[in-house]
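User: I would like to go through the labels attached to this model and see what each one rests on. Please set the values against the cut-offs.

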Amino acid sequence: MSGFLGLDVQHSSTVPALLEGGRPLPVGDGLRVWIPHAYGDALGWGSAAALRSLASGRATADRLLEWRRDPWDAEFWTGLRGRVARYLGLPERAGPVPGYRVVLCAGPGTPADAEEYVEEAGLGGALRVGPAEALLCRRLASPGAPLSTGALLAVAVGERWTVLAPFRVMRSDGGPVVLTRTGPDTVLAHGGGAWTELLVGQVLARCREDAPAADLLALADGVQECAARLAQADAVEWQGAYAERLFAPLVVRGAELAADPAVAEGLHELRQAARAALPHPASVVLGGPGSVWPAIRSALTDPGAGAHVWCGPDPATDLAAGAAWWPLLRSCFAPVPSAGHPVRTAGAVPRIPAQPDRGPEAASSTTSAPPAPPADRSAPEPGPFSPDSRCADPVEVLPPWMRP
């Protein structure tokens with residue numbers, strides 16, 4: 001085995017990241033890192049299909065995701081297999097991609113039999129990992145200061161959900177770091193998507209009526225860039241798609257966005273959930289595509305506690321990259337008791353409906369009421385990972401600062 005392919009499946013897009021040594025690299029679809037869940041006989045696949053769907057008509061907020069289709073449909077996964085094969089220079093329809101293991105970041109809404117979708121598409125067998133563990137793998141593999149010992153809160157922010165999980169970080173003299181879960185996942189039905197919709201609405205409200213729908217994908221990309229700029233300044237002028245069509249300049253202020261009712265409730269729930277999950281963490285690890293918004297980081301910063309909040313430079317790829325690292329780093333996680341931890345939920349957590357021929361068991365393992373944990377819950381598997389004999393020695397793949 002020569003590499004690992006991490007997959008982060010969100011509501012509107014999927015991010016694949018390929019780890020062959022060094023650091024995971026996003027695969028993308030040739031146009032963008034986020035591969036839209038768009039496909040169809042007359043449309044194509046990914047960004048090309050989304051652009052064709054928006055080829056005519058005027059831009060309105062309700063058309064932003066009109067191209068979105070079920071991310072667990074076989075047509076999307078077959079297209080992803082073909083894209084990965086082309087990226088690696090392999091035949092597109094020649095069975096499983098040889099030498100690569102798929103690792104799926106199983107966020108809320110992931111079907112219980114998601115691995116079957118991956119395998120049936122020709123991507124081979126798949127592992128799964130929870131968002132919190134994937135995020136912590138991303139942090140462990142990042143250069144810079146090592147994790148501080150003590151209580152740690154992992155906060156993975158997706159497009160339409162947020163997962164919080166408490167851990168304890170321990171390090172013996174001269175030994176590796178060990179992360180032990182100290183409580184359950186807390187799942188919130190809020191993510192970065194609400195922020196995107198809010199700013200998209202503000203931009204389009206200032207647009208002339210002849211604004212073409214064809215630029216809506218570029219508008220969504222511009223929102224992410226604007227969020228990153230807000231991390232450096234309190235206010236920035238909109239410079240993304242449709243900027244030349246605005247009847248007045250738009251100055252985006254982070255504080256005003258955070259106070260808008262469309263996202264303010266989610267921020268309040270995040271603060272409350274963080275305090276309940278781990279009242280006094282020594283550190284917070286924040287990541288995932290929704291964490292690009294600086295107000296989310298601010299909501300997790302408790303001036304009284306003095307906890308350090310770590311957030312990587314590329315939140316969009318955090319969970320996919322962390323999933324790719326999971327087979328090599330999961331021995332850093334203490335085994336979870338056989339009973340596991342129950343999942344706490346707040347609000348209506350998104351669900352992805354099962355495919356018609358798969359029955360009710362294909363529904364997500366996370367529901368709107370706290371169930372007993374099923375057998376396939378995405379928690380760390382006990383014991384260290386024994387790589388395939390064809391795989392490079394994990395020590396050789398680890399960054400220099402993590403090698404013994």
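User: Which residues does Ala227 touch, not counting residues up to four places away in sequence?
Analyst: Ala227 touches Val292, Trp293 and Pro294, where contact means heavy atoms within 4.5 Å. The model is predicted, with pLDDT of at least 70 needed for local features and 80 or more for side-chain atom pairs, while totals for chains, interfaces and linings use all residues. Residues are numbered from 1 along each chain as its sequence is written, and side-chain values use heavy atoms, leaving out hydrogens and water.

User: Why is Ala227 called buried?
Analyst: Buried means under 20% relative accessible area, exposed over 50%, and partly exposed in between, with a 1.4 Å probe and protein chains only. Ala227 has 0% relative accessibility, so it counts as buried. Ala227 is placed in helix H6; helices are DSSP runs of H or I with at least four residues, strands are runs of E with at least two, and both are numbered from the N terminus.

User: What makes Thr317 buried?
Analyst: The relative accessible area of Thr317 is 8%, so the residue is buried. Thr317 sits in the loop between strand S16 (308-311) and H10. Not counting residues up to four places away in sequence, Thr317 touches Val15, Pro26 and Val33.

User: How do you know that H4 is largely enclosed by the rest of the structure?
Analyst: Of the 10 residues of H4, 10 are buried, so the helix is largely enclosed. Among them are Glu133, Arg138 and Arg139.

User: Why are H4 and H10 called roughly perpendicular?
Analyst: The axes of helix H4 (residues 131-140) and H10 cross at roughly 80 degrees and come within 7 Å. Axes are lines fitted to C-alpha atoms, for helices over the stretch in contact, with angles from 0 to 180 degrees between N-to-C directions. Angles under 35 degrees count as roughly parallel, over 145 as roughly antiparallel, 65 to 115 as roughly perpendicular and the rest as oblique. H4 and H10 are therefore roughly perpendicular to each other.

User: Which classes of residue make up the contact of H4 with H10?
Analyst: Residues of H4 including Glu133, Leu135 and Arg138 meet residues of H10 including Asp318, Trp325 and Leu329. The contact divides into 11 nonpolar, 1 polar and 3 charged residues. Nonpolar covers Ala, Val, Leu, Ile, Met, Phe, Trp, Tyr, Cys and Pro; charged covers Asp, Glu, Lys and Arg; the others, Gly among them, are polar.

User: What makes Phe76 and Trp77 an edge-to-face pair?
Analyst: Rings of Phe, Tyr and Trp (its six-membered ring) pair if their centres lie within 6.5 Å; planes under 30 degrees apart count as stacked, over 60 as edge-to-face and the rest as tilted. The whole structure has 8 aromatic pairs. Phe76 and Trp77 have ring centres 6.1 Å apart and planes at 90 degrees, so the pair is edge-to-face.

User: Why is the pair of Phe167 and Phe333 said to tie together parts that are apart in sequence?
Analyst: Their ring centres are 6.3 Å apart and their planes at 75 degrees, so this pair is edge-to-face. Phe167 lies in strand S10 (residues 162-171) and Phe333 in the loop between helix H10 (318-329) and strand S17 (344-346), so the pair joins parts 166 residues apart in sequence. Both Phe167 and Phe333 are buried.
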